[in-house]
Amino acid sequence: MSITAKELSKKLNLSEAAISLALHNKPGVSTKTRKRILDAAIEFGYDFTRISPSGSSSEPKNIYLIIYRKNGILVTDTPFFSQLSEGIDLECKQHNYILNTLFLYEGDDIPKHLNMIKQNGAKGIILLGTQMQELDISSFSKCPVPIVLLDNYFENHEMDCVLINNLMGAFSATDYLIQQTKTQPGYLHSSYSLHNFEERATGFDKALHKNGMSSFHSIIHKVAPSVEGAYADIKNLLAQNIPIASCYFADNDFIAIGAIRAFQEHGYEIPKDIRIIGFDDIPHCIYISPPLSSIRVPQQYMGQIAVRRLHEQIVNPQDTFVKIEVAANLILRKSS
C-alpha cells in the first residue's frame, strides 16, 4: 500500500504544505528539504499519479532541469549557470513549458527518480552534466522520457547534447598568445577534472603543435578552479621560486583572476611581464585591472538551443541523436 502525503508529513515531521510544495515541484521549500521529501516519497512508495499532469495540449507542460552534482562543487552559484538558466527559462516560455528544477547527487537512485519524473507527467528533461563522468551518465541512458544533455558529451552514449566548442576556444586563445609573444605559452590548468577542462587542454596542445612546439616544454601549473583557490596556489608556487611563463592560457576566468592577483602582489605587471587569457568571459572580466581577455561563451543561447532540441524530441520522437557544439569567441582586453 502506497504512502499518502499526510502520512509522509508525519513520518518526516514536516508540514503538509511543505510536502505538497515539494511533490508538486513548486517553490517554497529549500533544495535540501525538497530532496529529502522526494527521496522519502520514492522509498515509501508514494503514488505520483495522484499528482495530475497537464491534460490539454493547450495547457502548460512540465519539463525538468536536472542538475547533477558530485564532489561538493557548486555549479549553480556561477555567472555561467545564471546565463544558462535564463536561456532555458526564455525558451520554455516560448513553448509553454513549466520548468521544474531537481538536484541529483552521486549515489542517488537515478532510475527511481527518473520514473518519478515520468509519473509526474514530465514531457522531457534537460540534464546539466557539467560535473558528469562516463560512469555517471549510464543511469540516464534508458531515461523513460526525452532527454538533452547540456554542457557535456559522451561518445559511447546515444543522447542529444548541447555543449561549448571548448577545443577551438582554447586553441584560439593559445594560438593568439603564441603569435603575440613568439614564446612557449604556459597553462593554468584546473586541478579538478571536468570534461570541459580536458577538452580545453586538448585545444591548448593543438595550438602548440600547430606552431611547431611540444607540450613537454610548457610550464603547467595545476591550480584550484576558483579565484581564492587559484590565488593561494599561485602564491604558494611563487614562494618556491618556480619558473614562470611569459604568458598563460587559463582553464576558466576564476583561475585567471586569482592568478593575476597573485602575480601582481609578487611584483609582476600584467600584461607587460605576463599575458593571461581566461575562458567563459564572466562579468568580472571587465572589472579587474587590467580587464581580462577571455573566450566568450554564449551561455544563454546554449540554454535556448537545449530547450528547442528537447521540444523537437517531444513533438516528433525519433532515434536520431545530435551533438550541437556552440562556438566560443576570443574577446581581447588589456590582460593579453
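**Figure 1. Packing of helix α9.** The buried residues of α9 pack against β6 (186-190), β7 (220-223) and α10 (253-265). This is a predicted model, in which local features need pLDDT of at least 70 and side-chain atom pairs count only at pLDDT 80 or more, while totals for chains, interfaces and linings use all residues. Residues are numbered from 1 along each chain as its sequence is written, and side-chain values use heavy atoms, with hydrogens and water left out. Helices (H or I, at least four residues) and strands (E, at least two) are DSSP runs, numbered from the N terminus. Gly 229, Ala 230, Tyr 231, Ile 234 and Leu 238 are the buried residues of α9; buried means under 20% relative accessible area, exposed over 50%, and partly exposed in between (1.4 Å probe, protein chains only).

**Figure 2. Length and ends of helix α9.** Helix α9 covers residues 227-239, which is 13 residues. From first C-alpha to last the helix reaches 18 Å, close to the 18 Å expected at 1.5 Å a residue; the expected span is 1.5 Å times one less than the number of residues. At the start of α9, a side-chain oxygen of Ser 226 comes to within 3.0 Å of the backbone nitrogen of Gly 229. Asn 241, with a positive phi near 55°, follows the helix.

**Figure 3. Aromatic pairs.** Rings of Phe, Tyr and Trp (its six-membered ring) pair if their centres lie within 6.5 Å; planes under 30 degrees apart count as stacked, over 60 as edge-to-face and the rest as tilted. The count by this rule is six aromatic pairs. Tyr 187 and Phe 204 are stacked, because their ring centres are 4.6 Å apart and their planes are at 25°. Tyr 187 lies in strand β6 and Phe 204 in helix α8 (residues 195-210), so this pair ties together parts that are 17 residues apart in sequence. Tyr 187 is buried at 2% relative accessibility, and Phe 204 is buried with a relative accessible area of 0%. Phe 263 and Tyr 268 form an edge-to-face pair, 5.9 Å centre to centre with 85° between the planes. Phe 263 is buried at 0%, whereas Tyr 268 is partly exposed at 27%. One aromatic cluster is formed by Tyr 187, Phe 204, Phe 249 and Phe 279.

Figure 4. Asp 160 is in strand β5 (residues 160-164) and counts as buried at 1% relative accessibility. A polar contact is a pair of N or O atoms within 3.5 Å; within protein, one must be able to donate a hydrogen and the other to accept it, and residues adjacent in sequence count only if both atoms are side-chain atoms. The side chain of Asp 160 makes such contacts with the side chains of Arg 309 (3.1 Å) and Gln 313 (2.6 Å).

**Figure 5. Contacts of Asp 175.** Asp 175 is in helix α7 (residues 166-181) and is buried, with a relative accessible area of 13%. Its side chain makes a polar contact of 3.1 Å with the side chain of Lys 210. Leaving aside neighbours within four places in sequence, Asp 175 is in contact (heavy atoms within 4.5 Å) with Ala 207, Lys 210 and Asn 211.
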